[in-house]
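Subject: Structure handover

Hi there,

Here is the structure I promised to pass on to you. Have a look at it first, and then read on for what turned up in it.

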Amino acid sequence: MADRLRKHILVNAFSMNCVGHINHGQWTHPRDTSIDYKRLDHWTDLAKTLERGLFDAVFLADILGVYDVYGGGIDVPAREAVQLPVNDPMMLVSAMAAVTKHLGFGITVNVNNEAPYTFARRMSTLDHLTDGRIGWNIVTGYLDSAARAVGRDGQTGHDLRYDQADEYLEVLYKLWEGSWEDGAVLGDRAARIYADPSRIHRVHHRGQFYQVDGYHLSEPSRQRTPVLFQAGTSGRGQAFAARHAECVFISVPDKAAARAASRAVRKAVADAGRDPQDIRILAGIAVIADRSEKAAQERLAEYTASASPEAGLAHYSASLGIDFDRYGLDDPIPFGQSNAIQSAAKLAQSRGYTKRALLDQLAMGGRYPPITGTAAQVADELEDWIREGEIDGFNLTRIVTPESYVDFADLVVPELQSRGSYKTEYAEGSLRHRTFGKGDRLPATHTAQGFRPGARLLGAAE
Ligand SMILES: Cc1cc2nc3c(=O)[nH]c(=O)nc-3n(C[C@H](O)[C@H](O)[C@H](O)COP(=O)(O)O)c2cc1C
């Protein structure tokens, strides 16, 4: 067996408040419970399972808009429940937090659809209620259907969306980090002073995209700024990650692609003056574990029979902004310069994917590479991904829900623990402290430092 890993593998459960998330078609599997997504106990039971398996967090994806690129409509997404219908991820968090003590929450929210002022308060509220267990997956969107739904003709250009996101984050840092000083809240009953007004600062922001003149409404929460996740590794996406992200979620087909993405992100982070080891890189993965190799292979066959590769293709069409329905199985596809997810388009272009190759990859309904076998085989492979892919952990997709997470908790986690590569108990502290071991707040080397009280030159709160 290979040498031991230097650190524990981070594992998030990747999920979404909908029927069909990533591995499309699996909601039809007889043991799958995804169609119960509207019930609160579906989510509270899941939270308990994840905490039992010492998952670091549940990472909740989200989408605004529909996947109407494939075939120019929603026929396949509606029939196959391809992230349609989809409910709000944030609404799940208080309930899941109430039945757990340590589980973190990575919540996907698109910066293009809500004013930063109201969003800042909603996230602070959750960080208070969970005592610092909140993370935010910052996404910039990639669907014209979402832009049209809120009154625009189509989405703005790819890089401009990131420019806007940069400014959105600046406003948030001013609110989260700059508006209330530490010590502003006294809660002194005898003196009748809840908060010291001289230590609460008004945020003035006049920018290209946002204007804010006001005080943050929430007092500082344990982490102030939630743990910042980001997904999207185009050149512009990496520049954004280098400035803001603490954890980067990558979608890669193999370890070599993981290594290339990891090196590029860490280099961008170092070039931006931050420590490249201060960033955590997580790859999406699917795991099928069973008690024998034969049983695992049988399960793979069973899952494959439930899958809808065409639904996976409809999802992929929207991710790239290309209607694959127009192409024959072996036609060359001009992936070109996508206005959707450029990193995905670039990868498809470099590998010369045809529709046949894509359908083949989507045999289980999703694009994340499946690892199948006994607990020991899966653990070997996960450790290899960490080493060869130069990553820190995984976002574990659900294939059959909740079976995928239960099997991971019951079979793979004990195996990884016996090798010393997975925690045996939660560390105390906030999600940030448990992830980085350096306290609850963003480090002084992070961009947010420039927006704290005292950093007036960079336009912090007044
Ligand atoms: C692994 C991965 C997961 C993503 N998850 C979401 C999501 O849940 N919701 C969303 O609106 N966008 C999501 N995105 C889209 C990105 O936030 C971003 O808009 C897009 O990837 C552009 O990235 P690029 O820099 O690679 O072009 C995801 C992207 C990747 C690569």
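A residue counts as buried here when its relative accessible area is under 20%. Please keep in mind that this is a predicted model.

By that cut-off F55 is buried, because its relative accessibility is 0%. Y405 is buried too, with a relative accessible area of 0%. The rings of F55 and Y405 form an edge-to-face pair, with 6.3 Å from centre to centre and 90 degrees between the planes. This pair links distant parts of the chain: F55 sits in the loop between α1 and β2, Y405 belongs to helix α14, and 350 residues separate them. In the whole structure, the search gave 19 aromatic pairs.

Another of these pairs is F119 with Y168, which is tilted, at 6.1 Å between centres and 45 degrees between planes. F119 is in helix α4 and Y168 in helix α6, so this pair ties together parts 49 residues apart in sequence. Both residues are buried, and they belong to one aromatic cluster together with W136, W176, F209 and Y210.

Next, strand β13, which covers residues 393-397. Five of its five residues are buried. G393, N395 and T397 point one way from the strand, while F394 and L396 point the other way. β13 pairs with β1 in the parallel sense over five bridges, and F14 stands opposite T397 there. β11 also runs parallel to β13, joined to it by four bridges, with A283 opposite F394.

The side chain of R263 makes a polar contact of 2.7 Å with the side chain of E390. R263 and G389 are 126 residues apart in sequence, but their C-alpha atoms are 9.2 Å apart in space.

Finally, helix α9 (residues 293-306). Its 14 residues should span 20 Å at 1.5 Å a residue, and its end C-alpha atoms are 20 Å apart, which agrees. A296, R299, Y303 and S306 are buried in this helix. Seen down the axis of α9, the buried residues fall within an arc of 75 degrees, so they line one face. In general, an α-helix has 3.6 residues a turn, so residues three or four places apart point the same way. K294 and A305, on the other side of α9, are exposed. The cover over the buried residues of α9 includes β11, β12 and α14.

Technical notes. Residues are numbered from 1 along each chain as its sequence is written. This is a predicted model: local features need pLDDT of at least 70, side-chain atom pairs count only at pLDDT 80 or more; totals for chains, interfaces and linings use all residues. Side-chain values use heavy atoms; hydrogens and water are left out. Buried means under 20% relative accessible area, exposed over 50%, partly exposed in between (1.4 Å probe, protein chains only). Helices (H or I, at least four residues) and strands (E, at least two) are DSSP runs, numbered from the N terminus. Two strands pair if DSSP finds at least two bridges between them. A polar contact is a pair of N or O atoms within 3.5 Å; within protein, one must be able to donate a hydrogen and the other to accept it, and residues adjacent in sequence count only if both atoms are side-chain atoms. The expected span of a helix is 1.5 Å times one less than its number of residues. The arc is that of the directions from the helix axis to the C-beta atoms. Contact means heavy atoms within 4.5 Å. Rings of Phe, Tyr and Trp (its six-membered ring) pair if their centres lie within 6.5 Å; planes under 30 degrees apart count as stacked, over 60 as edge-to-face and the rest as tilted.
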